[in-house]
Amino acid sequence: MTASEVQRGASLSEPAHTHTTSRAGAFAPGRALRAGVKVLPEHARGHNRSLVLQTLFHRGAMSRADLSRETGLTRVTISDLVAELIGDGFVVEKGMREGSRPGKPAMLVDVDRAGHRIIGLDLSGSDAFIGAVLTLDGDIVARAETPHPAAASEVLAAVISLAERLVADAKAPVLGVGVGTPGVIDDRGIVLTAPNMGWAGFDLEGVLSEALGLEVLVANDANAAVLAEYTFGGSGDDVLLVKVGSGVGSGLLAGGQPMRGSRFAAGEIGHVTVGTDGGPLCACGKVGCLEAWLSVPALTSRADAAASGERDTVLRDAGERLGIALAPVVGALDLSEIVLSGPPELLGGVLAQATAEALRTRTLAPFHEGVRVRMTEQGQDIVLRGAAVMVLSATLGVS
């Protein structure tokens, strides 16, 4: 992250840009703080704390004078905030700066990256729930998993047991627990619907928080994944991540800000009908849904059944169907990047190329001909790392 990407703040007596720390269950704010609206005086200190932590998180260790220059906050304000953050255990002094600068060497400060841990849970697997203990930088230091129970009545107990094992293995204070789960999730962490889990109107966030005695953040798994791509994967501010597994979903950021929709169902593209030529029967009862073409079980079955030399044809057709579904989204929101998350042997190569070609032929040239379609480099850990971003955002104002 360059210096220009860190939005300038203000001292406590000056107007500041709006930066609202996400509550539990909400998406993280983008790297850039939203400009244009003054922060109320009673919120300015929280804004400035987040600004200091955000700057250190992305820029690394620096002196108090460096922080003042980077954030636009006065040195007095920076000194006060750094002292407060050290007292709270979120910032540490790293020692004197080495080098040949004249004068007294400056003391460097940084986020205490080793002082806390985050628990991430990914409930999107069809066979198992997976979890991890992560550092504040999103690095995984311990893993655990538990089989997906056959009975819906046993799902919650399995999730709580997995989380408890990870908390016990954290070996440092736990900042919070982030959960990525299938389904439509509102901004309070309530699962409005998740048929595969047997949940409807279920306060997963509240139940887990009470059981674990920790702050818990719950989001749709694809929405969590796009946060990981934004914070740790280097994506731009306008990106749509398509997550392909037992189903198909997507997470969307526009202008570095999440889009969840009026009913919290933004990104639910799996049951968009792609084409007018019929197609496979979907589990929802319709014919030709994107999920019926693109889900891992469906795509694997058709690819394996294809005649010798026809596998690429199957993948190319699925990629074109994905492009058909995404073209209106790209055109409406002027997105610059599509990221695919799922088995690379299915989604990479031929399928990704076909998606890009379909987008180019179905959107307005020259504005959208440069839309990039690529695989994520974060592999199967993307939801776990996105869960960590949720916690960082809600507790530290960092994303």
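In the predicted model, helix α9 (residues 311-333) packs against helix α11 (residues 350-362) at an angle of about 40°, and their axes lie 7 Å apart. Axes are lines fitted to C-alpha atoms, for helices over the stretch in contact, with angles running from 0 to 180 degrees between N-to-C directions. Helices (H or I, at least four residues) and strands (E, at least two) are DSSP runs numbered from the N terminus. The two helices α9 and α11 are therefore oblique to each other; angles under 35 degrees count as roughly parallel, over 145 as roughly antiparallel, 65 to 115 as roughly perpendicular, and the rest as oblique. Residues contributed to the contact (heavy atoms within 4.5 Å) include L315, L322, L326 and V330 of α9 and L351, A354, A358 and L359 of α11.

Residues are numbered from 1 along each chain as its sequence is written. Because the model is predicted, local features need pLDDT of at least 70 and side-chain atom pairs count only at pLDDT 80 or more, whereas totals for chains, interfaces and linings use all residues; side-chain values use heavy atoms, with hydrogens and water left out.

Strands are taken to pair if DSSP finds at least two bridges between them. Five bridges join β7 (residues 174-181) to β10 in the parallel sense, and L217 in β10 is the bridge partner of G178.

The largest nonpolar core contains 44 residues, of which V52, L53, L56, L67, L175, L392 and L396 touch the most other members. Such a core is a set of buried Ala, Val, Leu, Ile, Met, Phe, Trp, Tyr and Cys residues joined through side-chain atoms within 4.5 Å, buried meaning under 20% relative accessible area (1.4 Å probe, protein chains only). Helix α12 provides the largest share of this core, 10 residues. Not counting residues up to four places away in sequence, L392 touches F57, I118, L136, L175, G397 and V398. Apart from this core lies another, of 33 residues, among them L252, V274, V330 and M375.

Key: Buried means under 20% relative accessible area, exposed over 50%, partly exposed in between (1.4 Å probe, protein chains only).
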